[in-house]
Amino acid sequence: MEMIELSIDNKLVSVQKGTTILKAARKVGIDIPTLCHMELHNMSIENKPGSCRVCVVEVDGRRNLAPACVTEVAPGMVVNTHTARVLNARKTIVELLISDHPYDCLVCAKSGNCELQSIAHKFGIRRIHFKGEKSTYRKDTSPSIIRDVDKCIMCRRCEMICNEVQTVGALSAVNRGFISVVAPAFEMDLEHSPCTYCGQCVSVCPTGALTEVDSTHKVLLSLMDKSKTVIVQTAPSVRAALGEEFGLPPGTLVTGKMVAALRRMGFDYVFDTDFAADLTIMEEGTELLGRLRAHLAGESNAKLPILTSCCPGWVNFLEYNFPDLLHIPSTAKSPQQMFGAIAKTYFADQIGVKRQDLVVVSMMPCLAKKYECQRDEFKVNGNPDVDFSMTTRELADFIKQSNIDFLNLPDEEFDNPLGESTGAGVIFGNTGGVIEAACRTAYELYTGKKLETIEFENLRGTEGIRSAKLDFDGLTLNIGIAHGLSNARRLLGDVRAGKSNYHAIEIMACTGGCIAGGGQPYHHGNSEILRKRRDAIYSEDKGKIIRKSHENPYILKLYKDFLGQACGHKSHELLHTVYHDKSNNEVTIHHD
Amino acid sequence: MEKQITQQGQLRIALRNCGMLDPENIAESIARDAYQALGKVLKELSPQECINILKQSGLRGRGGAGFPTGLKWEIASKSQSDQKYVVCNADEGDPGAFMDRSILEGDPHSVLEAMAICGYCIGADKGLIYIRAEYPLAIKRLRIAIDQAMEDGLLGKNILGSGFNFEIKLRYGAGAFVCGEETALIHSMEGKRGEPTNKPPFPATSGFMKKPTNVNNVETFANIAPIILKGPDWFSSIGTKNSKGTKVFALAGKINNVGLIEVPMGTSLREIIYEIGGGIKEDKKFKAVQTGGPSGGCLTEKHLDTPIDYENLIEAGSMMGSGGMIVMDENDCMVSVAKFYLDFIVGESCGKCTPCRVGNKRLYEILEKITQGKGVMKDLEKLKNLSYIIKDTALCGLGQTSPNPVLSTLENFYDEYYEHVVEKKCRAGHCKNLFHYVINEELCVGCAACKRCCPVHAITGDKRMPHYIDSNICIRCGECIEKCSFDAISIQLEPKILV
Amino acid sequence: MTRIKSLDELKNKRDELKSALSLLDDPDNPDRKVQIKVAMATCGIASGARSIKDFLTAELSKRNIPSVVTQTGCMGYCYAEPTIEVKLPGREAVIFGYVDRIKADEIIEKYIKKGELTEGVIPRNYSTID
């Protein structure tokens, strides 16, 4: 590869041809500030429209300032990143952005996490020299996401994620000039767009333009209500990321402290979604084996491949984009909903509480879960199986508001019976985890043999689409894995075209899986954080004594005492669901 | 050799056939040498030889920036690809510019022929014309011309037995000014949002559908065939040292002969305005001429004898642009002129980069403040500083030049800005907050004609008694002045202290 | 029309068309015609050029004057639209501006029939490259 030498702030740098000034500068420790630019290394996610102009630098011989994020280095280039001309321009750019931004930092959901705020702080901006009209738009609240695009700075990250990474196409820039903004087509509400609520737009928004619907207050009211028994479930990825909100290094597992905190906040029982993940494996694994056996027996209506159905963003995507394939996903509900269904029947009976007096709260890394728990399929006489779904970020704020000294909490254990889980339930948080958990169980159930190596290393990884062949005692099982909805779309396209020979496919909407969900602490473009969360999940699995779902004693007891057998009559009633064609969703255009 | 400058100063190369032939009948074009240059190129010249002719001719892009056309073609010809494209930029959007429309409506074959020549030179067999949908007649005539040329074998497969294939399709723009910028234009043709991206990569290496693409303006293409037929030396004998050939200008504004003219590069503004343009309307005093559209600037009396070419216009704080020339007289307020262009830019910015999206809006607001008589001296400094920062940081050519109208009026008409800010006076009587109407009591006969026509009932007075205008209510529509038969109402430039 | 297959064919065709046109213009040719061009770009049409063209076509035939009336593009005189160019056989073309029906009638009666120039002639103020 051709190397190019240049000078940045009087330092000589040698980089590969095609490198941007920004990357060349970072190589020698010069941190040129950026705003619209965001890159998640090793995940092929990059947003560089070169539009905010915060990263401009002075290049000798060039008429105007150059945006470092999109300008490639040239031999002998002389770059200065902090001359008066540059600093003045940069500061003015940020002042201009702020001049068209609400001054409500004190009450903004993003305060403290806002990249515009931190850049204003970094540049020492104390006064806005430009006063004038601010662009204002209608607020849009959906079941999961709030759009307050008065705060949009047109960085286009959400648009990039929504269109390129997720191929959902719900968001794009509309209008021209001063009133340009990123919005659904015709400035409709998100609810009437093909939005899947994956929340990836929220996870990359640098300001408070895109945030989650906050359920904290409603949950607080339930906790205060003496007539209610309030229980909580926590998803596997939450424990791998929650610590970041309290200043712990990324990848720190805080399972025990999280349980202790929830108990102190007043939840009557602290349970684990991982338990429900094990239950999901029992149902989904059994369904897979059933379909597989039918296929092997030559039944023509055997539906293969089977698709995992744990991820609500993915389910939404399927319902909008692949209505012709609605018959192939597993009918098993997601762990969140299985938990709710069991909690409001089996567990409610056990503690003698009426359904309507039991409040189920979930702590999730996800925004689509907020929508999922509101779906009509998951309600009994209007009462939802899961009442409220909160994100990791909301949980962290809630803990802080409850005056809990999180870092000094003792480690505590989940309650039973819905708190016991296996390593298989834990790895649901990573891409490849669900299918690995399913295979651990399916293998042993199918072959009757014990797994020698529990880890299926060939199912792990970060490639957007992966495939693996597993040997089930002579039977070769073809497994497909996709994460990120663009990859899902490609894989599903092959299935639709009859070009794939997979028996089972795992799909997660977010790149990396739930550890990178839309409800997780903000990564601010640092993919290292995501890698550490992923490692933490695998290490929690490794530390578990029981690592296969079908060996979870409480799961076995649940089947024995209540459900009967996996995929049996009662399971079907409580643990399985149906999918709907949303491709022709009637669209209502709202007029202001 | 051609006589360089005729008595009247106009020499028509790009407009050679406009008004001479029926654009809907290819036979008339063929009778006037259409496709002869294409035939010659295909039969006698290699692509590089043809490019060399263009390079020798000194032809530069007529879309505004003035990039050497031959060089542009050469870069595209050297890009390696299985598919390349020739694009004609017919997204003419400058206020007051209509030369592209006239060429397409009057002589469509000149553009089609040149696109085919370009295709041969760069190795493209597909051409696209990006034309704004607001030009229905040009679109109709282009369609007819393409059909007729296809039928005659002058476009399509195996043109004139040469084995060269070239087809041309139309793409319609939806009226966004920024789509005249070539990267935005390409995105728009691809069905994406029409907004520019950083260059490089230039379209010559990665353009339409990521394939090498050569984009030229209509007028540039219209110059190609004569250069091929008459030779590069003929062309380079016309014009100035670095700007060869002629330029089409659309004369508009306060000038007697509003219209389309084509003059050799190097012609002075004075010739254009007073000789060809017939002088200023109603013999008023010339104040300025705005060239280069919203990206350009204002030239004043001191520039009247400057020979017009690419370099001199930039030197004078304006630019060639596409060739709009809007003439202003003593009744035009230069602060308002700057405000007019900023208003245009604020609406037409694509909204992608911060300086253009927000910066221009803030410039506009400061100008508005000044025209309302609310400006302070610091605003002038702010205008200048912000303008320079926008120029320094905006993403595309549109944003980088958008403050030019402000900077050039600040430079050339600082005293007018000063009067607005300090004396609260608009000498042109244009800024409504800075003047008011008064009725001369001695001339007023109390006929009440003004009172009856006033749309906001600002005029009071008893019959046959002098009337009175309440400036607080008056909206300065000027209706009363029109109606008064006794010349009793006049403009008073000093602002009245409003109660 | 048949396809033109070579540069030579194109040249022949051009020469044929040219001589056909010059024949129209030949005062000694019994088939000579008055050639009128009406500037019909957007600007001309907006100022009423289409109805002037229709008027001229109808009137010239009514008044038995052998003529061809065609549309053409913009002549550049936007201030004087509608504009027309009248070419009497063997004479220089003359451009008239501000042509309304009354003016068109006057042009037929005075200039076309008698060769007398009327008011409203726009001097051709440019050279071109033939």
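Me: Domain bounds come from an automatic or database domain assignment. Which domains does that give for chain B?

Reply: Domain 1 covers 26-236, domain 2 covers 246-329, domain 3 covers 334-423 and domain 4 covers 435-492. Residues are numbered from 1 along each chain as its sequence is written, chains are lettered from A and ligands numbered from 1 in the order in which they are written. This is a predicted model, where local features need pLDDT of at least 70 and side-chain atom pairs count only at pLDDT 80 or more, while totals for chains, interfaces and linings use all residues.

Me: How many residues of domain 2 of chain B are in contact with domain 3 of chain B?

Reply: Twelve, and they meet 15 residues of domain 3 of chain B. In contact means that the C-beta atoms of two residues, placed from the backbone, lie within 7 Å. The centres of these two domains of chain B, taken over C-alpha atoms, are 22 Å apart.

Me: Which elements are on the domain 2 side of that?

Reply: Strand E8 (286-291) and strand E9 (297-300) of chain B each give two or more residues. E9(B) gives the most, three residues. Helices (H or I, at least four residues) and strands (E, at least two) are DSSP runs, numbered from the N terminus. By class, that side has five nonpolar, seven polar and no charged residues. Ala, Val, Leu, Ile, Met, Phe, Trp, Tyr, Cys and Pro count as nonpolar, Asp, Glu, Lys and Arg as charged, and the others, Gly among them, as polar.

Me: Staying in chain B, which residues of helix H11 are buried?

Reply: In H11 (residues 269-276), they are Leu269(B), Glu271(B), Ile272(B), Ile273(B) and Ile276(B). A residue is buried if 20 or more other C-beta atoms lie within 10 Å of its own, exposed if 12 or fewer, and partly exposed in between; C-beta atoms are placed from the backbone.

Me: What do they pack against?

Reply: Strands of chain B: E1, E6 (246-253), E7, E8, E9 and E10 (324-329). Just after H11(B), Gly278(B) has a positive phi of about 75°.

Me: New topic, the chains. Which pair shares the most contacts?

Reply: Chains B and C do, out of two pairs of chains in contact. Their contact involves 46 residues from chain B and 30 residues from chain C. The chain B side divides into 19 nonpolar, 13 polar and 14 charged residues.

Me: What joins E1(B) to chain C?

Reply: Three bridges, running to strand E6 (residues 126-128) of chain C, and the two strands are parallel. Two strands pair if DSSP finds at least two bridges between them. Gln10(B) has Tyr126(C) as its bridge partner.

Me: And how many residues does chain B have in contact with chain A?

Reply: 26, against 29 residues of chain A. H14(B) provides the largest share of that chain B side, with eight residues. Eight residues of that side are nonpolar, eight polar and ten charged. Chain A and chain C have no contact, and their closest C-alpha atoms lie 28 Å apart.

Me: How many helices and strands does chain A have?

Reply: 19 helices and 22 strands. Of its 592 residues, 53% are buried. Its radius of gyration is 25 Å, which agrees with the value near 25 Å for a compact globule of 592 residues. That radius is taken over C-alpha atoms, and the globule rule is 2.2 Å times the number of residues to the power 0.38.

Me: Now chain C. In what order do its elements run?

Reply: From the N terminus on, α-β-α-α-β-β-β-α-β-β. That makes four helices and six strands. Buried residues are 33% of its 130.

Me: Last one: which residues have the most contacts inside the largest nonpolar core?

Reply: Val57(A), Val111(B), Met115(B) and Ile117(B), in a core of 356 residues. Helix H6 (residues 108-122) of chain B gives the most to this core, ten residues. Another core, of twelve residues, lies apart from it and includes Tyr437(B) and Cys480(B). A nonpolar core is a set of buried Ala, Val, Leu, Ile, Met, Phe, Trp, Tyr and Cys residues joined through C-beta atoms within 7 Å.
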